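Keep the structure open beside you as you read.

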Amino acid sequence: MSFLEKMTKLPKKTKLQIGAAAVLLVVIGIAAAVFGWRMQQEQTDLECLQMATIQQNIGDLIEFQEVELPEPIPPIAEQYDDFPEVDFEEQWEINEDVCAWIRISGTHVDYPILRRGDAKSLYDSYYLNVTIEGEEGLPGSIYIEPCNSSEFTDFNTVIYGHNMRVKTMFGDLHGYDNEEYFDEHPYVYIVTPNRSLVYRVASAVYFDDRHIMYTYDHFQEQEARKEYLEALNGNKDSRNKYREDVPITADDRIITMSTCVGGESNRRFLVTAVLIDEQEHKQEEPENEQEEPENEQEEQEEP
């Protein structure tokens, strides 16, 4: 007997009970589906609300951080008093060997620095007795040798100049014999076509007349740098002056300003300063760029 035949033979009351049960199951199923849909909708609404709250908090945080951002660092020329402004195009019209400018505020040291572009020797001292205009004789020029980079990127850039009696050129460097002079003239400013540099004077030492770059093999090795610093600090001349608050290490970049000592032909007066600030900038250089001479190891006398 089939299922339908069995159902037709059931009492009427039983049929009504089965129908009611079926309707109830359908209603329960629909209710469950509606309840599940509403729960899912509420969960979705909750997630959207949470996401909106997170985005708002992130937006508030970003806005707060934007307010807290530091101002851009101003150019070095605006941070230090009396920093030189140099028109290299104008200087190159006088002499294309001008590679930089040096200034110590409140002194006569305010000159172009020359570096011979067609030198055949790493230790060329042509500008010791040749002026920027090309005239031979005193006072010569402030200059660096071709063994040093014109951008002052070496560990030690040695700058030469005569000790003139009228205090011009590097004559004023002897003022660092006096400790008060250190406080009154603490900075050395150097400008190249591509960068501005600020140095802090660290020492003033009466040294022998050895050729610094040659003796220490251009400071290519850390050991050579340490030896030079030890030689400066270990010098026993009672006239020497040192700033204990301006240390120098083999990882620093320094300049050594070298000039003569009156009446002592075998001595040099060295004022050493350490780089403390630097900014790069760009300016077009002349067409005939300075060439690096071949690495000739030959000894030359310093001014």
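**Exercise 1. A phenylalanine in a loop**

Task: Work out whether Phe 219 is buried or exposed in this predicted model, and describe its backbone.

Solution: 
- Step 1. The relative accessibility of Phe 219 is 1%. Buried means under 20%, so Phe 219 counts as buried.
- Step 2. Now find its place: Phe 219 sits in the loop between helix 6 (212-215) and helix 7.
- Step 3. Finally, look at the backbone. Phe 219 is not a glycine, yet its phi is positive, at about 60°.

**Exercise 2. A methionine to set beside it**

Solution: 
- Step 1. Met 169 belongs to the loop between strand 4 (156-160) and helix 5 (179-184).
- Step 2. Its phi is near 55°, which is a positive value in a residue other than glycine.
- Step 3. Check the cover too: Met 169 has 6% relative accessibility, so it counts as buried.

**Exercise 3. Strand 1 and its partners**

Task: Find which strands pair with strand 1 and in what sense they run.

Solution: 
- Step 1. Start with strand 1 itself, residues 98-103. Of its 6 residues, 6 are buried, so the strand is mostly covered.
- Step 2. One partner is strand 2 (residues 110-114), which pairs with strand 1 in the antiparallel sense over 5 bridges.
- Step 3. Strands 1 and 2 form a hairpin with 6 residues between the strands, where Gly 106 has a positive phi near 80°.
- Step 4. Another partner is strand 5 (residues 187-191), joined to strand 1 by 3 bridges and also running antiparallel to it. In this pairing, Trp 101 faces Val 191.

**Exercise 4. An asparagine and its surroundings**

Task: Describe the surroundings of Asn 240, and decide whether Asn 240 is buried or exposed.

Solution: 
- Step 1. Asn 240 lies in the loop between helix 7 (222-233) and strand 7 (241-242).
- Step 2. Its relative accessible area is 9%, so Asn 240 is buried.
- Step 3. Set aside the neighbours within four places in sequence. Asn 240 is then in contact with Ala 204, Val 205, Tyr 206 and Asn 235.
- Step 4. With Asn 235 there is a polar contact between the two side chains, at 2.9 Å.

**Exercise 5. The whole chain**

Task: Now step back and describe the protein chain as a whole.

Solution: 
- Step 1. The chain has 7 helices and 9 strands.
- Step 2. Of its 303 residues, 42% are buried.
- Step 3. Among contacts with a separation of 6 or more, 67% join residues 24 or more positions apart.
- Step 4. The accessible surface is about 17,900 Å², and carbon and sulfur atoms account for 51% of it.

Terms used
Residues are numbered from 1 along each chain as its sequence is written. This is a predicted model: local features need pLDDT of at least 70, side-chain atom pairs count only at pLDDT 80 or more; totals for chains, interfaces and linings use all residues. Side-chain values use heavy atoms; hydrogens and water are left out. Helices (H or I, at least four residues) and strands (E, at least two) are DSSP runs, numbered from the N terminus. Buried means under 20% relative accessible area, exposed over 50%, partly exposed in between (1.4 Å probe, protein chains only). Contact means heavy atoms within 4.5 Å. Accessible areas come from the Shrake-Rupley method with a 1.4 Å probe; for residues, only the protein chains shown count as cover. A polar contact is a pair of N or O atoms within 3.5 Å; within protein, one must be able to donate a hydrogen and the other to accept it, and residues adjacent in sequence count only if both atoms are side-chain atoms. Two strands pair if DSSP finds at least two bridges between them.
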